[in-house]
Amino acid sequence: MSETQTLLIVAGALALEALFGYPNWLYERIGHPVSWIGSLISALDQRFNQESESAEARRLAGVLAISIIVVTTGVVAWVIERASAYSAIGDILIAVLASTLIASRSLHDHVAAVARALANDGLKGGRLAVGRIVGRNPETLDEHGVARAAIESLAENASDGVVAPVFWFAFFGLPGLAVYKAINTADSMIGHRTPRHEAFGWAAARLDDLVNLPASRLTGLLFAGAALFMPKASPAAALEAMARDASKHRSPNAGWAESAMAGALGFKLNGPKVYGNVRVEDAYMGNGRRDLRPDDIDAALRLAMIAWAIMIAILLVFAAILLG
């Protein structure tokens, strides 16, 4: 594919996913590309992650597993891209396939569901809804904590669910997108510091940190740019919060989007949280208010949607420039 084709296809994929998402009826019949990748990861976990082995052996097994995952998804995506490269129908097919690996619609819908549940069903409904999208213990959250957790999830997943897939597609086509999604899925499945996966999932977790590094910074800048188009939002405060707080986050990447969103909207996000029964201390992002409500979740969703619209516009502008 030419660079112009790539930019137009990824812009089309973004628009398709935002409009239609991934239909439930299709998921029920054939699953989803991420679930197919997940099946491969589970099989490799069962085959190579033997608890009788030493930590070093399990770490090497994890390196082998993530290598197989990357090569397999990359080769399959490359074959599909090459087979589809010579017609307009092929371009449409690639755009449709790429849209399944972007998550703006599903992310929006899951976060919006938390706002609705809080507004309509109170704390109990909010905890139930937010428990579907965050790993922390929702029973430890009050109404403000539920709203903060939803906004933090939106900010972080805007990076690895939307901006990062677009970034890797724009530079490396469908194989780049597929490999990124495979690494991200592996991290979510085996990249945890648990007795079973701390050694085996080490390579997946470190590789995920690496491939998310550029997009996490870009997401923060997109949120700052989006603040220009929202009343009462502040692009300057978004940039200031990123410069001050992003590097304090436990994650090398999550702090950029969270701090930018917090600064732009005048929030104070992150801070201490509870996973299961374990309290984890983390730095605050932003220096605004903590008493967030359902309408604050709605404001965060508007900021994210504007950021995604800016990204589509940037892709189209570059495509027009390349067309000359």
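**Thr6 and Ile9 in helix α1.** Thr6 is found in helix α1, and Ile9 is found in helix α1 as well. Helices here are DSSP runs of H or I with at least four residues, strands are runs of E with at least two, and both are numbered from the N terminus. This is a predicted model, in which local features need pLDDT of at least 70 and side-chain atom pairs count only at pLDDT 80 or more, while totals for chains, interfaces and linings use all residues. Residues are numbered from 1 along each chain as its sequence is written, and side-chain values use heavy atoms, with hydrogens and water left out. Thr6 counts as buried because its relative accessibility is 8%, and Ile9 is buried too, with a relative accessible area of 6%. Buried means under 20% relative accessible area, exposed means over 50%, and partly exposed lies in between (1.4 Å probe, protein chains only).

Thr6 and Leu301 are 295 residues apart in sequence, and their C-alpha atoms are 27 Å apart in space. For Ile9 and Leu323, the separation is 314 residues in sequence and 14 Å from C-alpha to C-alpha. Leu93 lies in helix α5.

**Gly125 in helix α6.** Gly125 is found in helix α6. Its relative accessible area is 14%, so Gly125 is buried. Gly125 and Asp187 are 62 residues apart along the chain, and their C-alpha atoms are separated by 29 Å.

**The largest nonpolar core.** The general background is that in soluble globular proteins, nonpolar side chains tend to be buried together. A nonpolar core is taken as a set of buried Ala, Val, Leu, Ile, Met, Phe, Trp, Tyr and Cys residues joined through side-chain atoms within 4.5 Å. The largest such core has 78 residues, and those with the most contacts inside it are Leu154, Phe223, Met261, Ile297 and Leu303. At least two residues of this core come from each of α1 (3-20), α5 (88-99), α6 (104-130), α7 (143-190), α8, α9, α10 (254-265) and α11 (294-323). Helix α7 gives the largest share of this core, with 21 residues. Apart from it lies another core of 13 residues, including Leu44, Ile66, Ala182 and Ala203.

**Phe223 and its contacts.** Contact means that heavy atoms are within 4.5 Å. Leaving aside neighbours within four places in sequence, Phe223 is in contact with Ala155, Ala158, Ala257, Ala260, Met261, Leu303, Ala304 and Ala307.

**Asp45 in helix α3.** Asp45 lies in helix α3, which covers residues 33-48. Asp45 counts as buried because its relative accessibility is 8%. Not counting residues up to four places away in sequence, Asp45 touches Ile190, Arg196, His197 and Phe200.

Most residues other than glycine have a negative phi. Lys232 lies in the loop between α8 (202-227) and α9 (235-245). With a relative accessible area of 87%, Lys232 is exposed. Asn270 lies in strand β1, residues 269-270. With a relative accessible area of 4%, Asn270 is buried.

**The setting of these views: the chain as a whole.** The chain has 11 helices and four strands. Its C-alpha trace spans about 60 × 50 × 40 Å along its principal axes. A compact globule of 324 residues would have a radius of gyration near 20 Å, and the chain agrees with this because its value is 20 Å. The radius is taken over C-alpha atoms, and the globule rule is 2.2 Å times the number of residues to the power 0.38. Of the 324 residues, 50% count as buried. Among contacts in the chain with a separation of 6 or more, residues 24 or more positions apart account for 68%.
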